[in-house]
Amino acid sequence: MPELVVILAINGLIWGLIIALIALGLSIIFGLLDIVNVAHGDFFMVGTVLAWTVISYTGNFWLAFLIVPLIGMLLGCAVERLVIKPIENSPALSIVACFGLSLILQETVRATFGATPKRILDPIGITIPLLGLNYQIYRLFAAAVAIAAIVAFFLFLHKTKFGTWMRAVRQDRETAIALGLPSDRIFLVTFGLGTSMAMLGGVVAAPITSVEFRLGLDVLPLCFMAVIIGGMGNLPGTAAAAVLLAFIEGIITSFTEPTTARIISLVIMSVVLLVRPEGIFARRRT
Amino acid sequence: MKAVPVASSAPSLGVWLARFTPGQGFVLLAVFLLVLPWLVPNYQRVFVAEIFVWGLFAMSFAIVFGYGGMLSFAQAVFFGAGCYGFNLGTFYFGFNTWGAVISAVIAAMLFAIPIGYIATRVRHHHFLIVTVIISVLVTTILDSGHWKWLAGPYVTRSLTFVPEVPLGIVSFSFFSEMVAYYFTVIMVMLAVAVSWLLVHSPFGRALLAIRDNETRAKLIGLNVNRLRWIMFVIAAGIAGYSGALFALLARFTNLEFFHWTYSGKAVVMAIIGGVGTLIGPFVGTAFYLLSNEYLSQFFQQFVIGVGIILLLVIRYAPEGLWGLFAGWVRSHRSP
């Protein structure tokens with residue numbers, strides 16, 4: 001029993017890191033463009049599907065780590081230019097547009113990829129004995145990739161000029177634009193980056209989940225929970241909340257069924273909303 | 001289809017509806033709807049009635065969003081709660097059709113009171129996220145099988161008999177599609193009329209004031225959260241009412257009606273039709289269901305087309321198809 005708790009906790013932790021990566025993309029888009037990207041989960045789903053496609057055409061999984069985030073960047077930029085930018089003045093309609101986008105993505109995947117869930121074989125294929133169980137090394141690798149991507153994201157945000165611009169726009173849009181920052185380009189890159197992170201998350205998660213056109217619908221609420229609990233627009237808080245939530249859910253799962261664990265975390269979440277609507281890690285953003 | 005003031009002298013609200021549809025338009029529409037079932041085959045009558053039911057569902061979203069400024073993805077929960085309340089009324093309490101419809105509305109409102117309390121306390125985009133998460137919570141609970149002690153077998157139970165509509169001494173049976181059609185359309189019209197009165201009442205105007213400028217509304221002494229909450233609960237009641245009408249018409253209820261993607265359907269239909277009015281959602285629903293009916297034979301993934309049209313509508317005609325049409329009519333009518 002204690003072994004099981006540890007294993008499930010580790011699994012939760014790894015899943016939480018992947019969710020953190022995706023939720024950070026959601027959070028940065030929210031912080032800068034002021035829209036809730038309802039299609040974010042579907043970008044994640046497209047990432048898993050593209051990973052599956054790359055494997056089945058080239059036979060090489062690792063290629064997906066290179067190609068898919070690039071496609072994500074391009075796709076995100078195209079979406080920002082074609083869909084988001086023309087209606088940037090009405091955030092509520094932008095969200096509805098994102099929902100339309102999510103329908104288009106799902107149905108396109110269903111039309112091309114098919115409706116039946118598929119699985120990707122463990123690309124490393126080596127297991128290590130962990131507390132009497134054979135544990136896939138790939139899961140540890142996935143965690144490492146997620147951590148690396150999150151660290152790279154924060155480094156980009158804090159150490160590069162463009163990242164500083166992004167933080168400036170997030171903090172005070174009007175002033176930043178008045179000071180002459182290229183807001184158009186910043187918004188474009190932000191959306192591309194967020195999408196790219198979701199699709200990278202998709203590649204990382206593809207071998208440990210099933211690949212299906214409805215996948216995004218499960219992941220999106222998890223990201224929402226992380227973003228709400230972490231405090232909207234609070235990036236480190238979002239990442240911490242994602243990891244914490246999945247970790248706690250993993251531990252609860254070892255005592256009861258997964259659905260009960262999910263219900264418990266959703267109830268916790270509602271309580272947090274009642275008590276602290278601005279999130280538990282909320283600190284004044286200004 | 002719309003209740004409209006006979007003397008259309010209220011252009012100040014900016015609702016072009018009042019200016020556009022004179023009394024005759026309404027009468028013509030009513031006559032058309034009365035005659036329609038005699039012109040189409042049996043199957044189509046139920047289909048038209050179905051458009052009205054889903055249109056009412058989309059309208060419940062349009063009220064919350066168009067008049068209250070709240071982008072709610074929880075409408076499906078209330079639609080489902082309506083189905084559930086309907087089943088509870090029918091099977092558990094043994095009510096007749098009227099009682100079951102009333103218990104559906106009450107069930108939806110009971111769901112909406114706590115949900116609305118949480119959701120209307122938060123602002124802006126949080127509202128959307130909160131409604132999505134609460135919908136997920138409700139669906140997860142109902143899906144998990146733990147609801148059996150909570151809700152009994154009434155969530156997914158479908159009608160096993162042909163419903164009757166008792167009216168005084170006579171009683172009409174849904175066995176006839178005519179009865180199903182007229183009952184549904186008249187019930188929907190009643191709900192639309194009530195909603196029209198509501199959004200044009202001082203209460204509705206107060207909500208418009210909140211939507212347009214919350215700080216100002218607060219300063220003139222409106223209890224913003226309470227008003228939004230009341231509006232949310234009323235719209236939930238309308239969604240539950242449409243759920244009951246659906247359970248009657250289709251004799252089928254399902255867990256998936258609770259899922260937030262069904263709310264998304266309402267959002268899509270309402271936005272395509274136009275949310276600034278009550279008639280727009282019906283237009284959008286008719287568009288959606290007709291294209292589902294006639295396009296999906298040729299193009300399985302017609303939803304892709306709907307998504308693209310949604311994007312085009314948002315981009316080029318934010319007031320929806322009905323808004324486009326009305327604007328076109330008006331441009332021909334300048335005095």
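**Ground rules.** I number residues from 1 along each chain as its sequence is written, and I letter chains from A and number ligands from 1 in the order in which they are written. Since the model is predicted, local features need pLDDT of at least 70 and side-chain atom pairs count only at pLDDT 80 or more, while totals for chains, interfaces and linings use all residues.

**Confidence.** I looked up the scores for the complex: the predictor gives an ipTM of 0.85 and a pTM of 0.87. Confidence in chain B is lowest in helix H1 (residues 16-20), with a mean of 49, and highest in helix H11 (residues 224-250), at 91. I noted that the pLDDT is below 50 over residues 4-18 of chain B, and that this stretch has 20 contacts in the model beyond near neighbours in sequence. A contact here is two residues whose C-beta atoms, placed from the backbone, lie within 7 Å.

**Chain B overall.** I get 15 helices and two strands for chain B; these are DSSP runs numbered from the N terminus, helices being H or I with at least four residues and strands E with at least two. Of its 335 residues, 47% count as buried. My cut-offs for that go by other C-beta atoms within 10 Å of a residue's own, placed from the backbone: 20 or more is buried, 12 or fewer is exposed, and in between is partly exposed. Among contacts in chain B with a separation of 6 or more, 71% join residues 24 or more positions apart.

**Where the chains meet.** I find 33 residues of chain B in contact with 35 residues of chain A. On the chain B side, the elements giving two or more residues are helices H5 (97-121), H6 (124-144), H12 (260-273) and H14 (302-316). H6(B) has the largest share, twelve residues. That side divides into 22 nonpolar, nine polar and two charged residues. For the classes, Ala, Val, Leu, Ile, Met, Phe, Trp, Tyr, Cys and Pro count as nonpolar, Asp, Glu, Lys and Arg as charged, and the others, Gly among them, as polar.

**H3 against H12.** Next I checked helix H3 (residues 42-67) of chain B, which packs with H12(B) at about 85°, axes 8 Å apart. Axes are lines fitted to C-alpha atoms, for helices over the stretch in contact, and angles run from 0 to 180 degrees between N-to-C directions. I therefore log H3(B) and H12(B) as roughly perpendicular, the label for 65 to 115 degrees. Trp54(B), Phe57(B), Ala58(B), Phe61(B) and Ala62(B) of H3(B) meet Ala266(B), Val267(B), Met269(B) and Ala270(B) of H12(B). The residues of this contact are nine nonpolar, no polar and no charged.

**Gly320(B).** Is Gly320(B) buried or exposed? It counts as buried, because it has 27 C-beta neighbours inside 10 Å. Gly320(B) lies in helix H15 (residues 320-331) of chain B. Leaving aside neighbours within four places in sequence, its contacts include Ile271(B), Gly280(B), Gly284(B) and Val313(B).

**Positive phi.** I picked out two non-glycines. Asp34(A) has a phi of about 60° and is found in the loop between helix H1 (2-33) and helix H2 (40-58) of chain A. Arg251(B) has a phi of about 50° and lies in the loop between H11 and H12 of chain B. Asp34(A) is partly exposed, with 15 other C-beta atoms within 10 Å. Arg251(B) is partly exposed too, with 15 other C-beta atoms within 10 Å.

Methods. Angles under 35 degrees count as roughly parallel, over 145 as roughly antiparallel, 65 to 115 as roughly perpendicular and the rest as oblique. pLDDT is the predictor's confidence in each residue, from 0 to 100.
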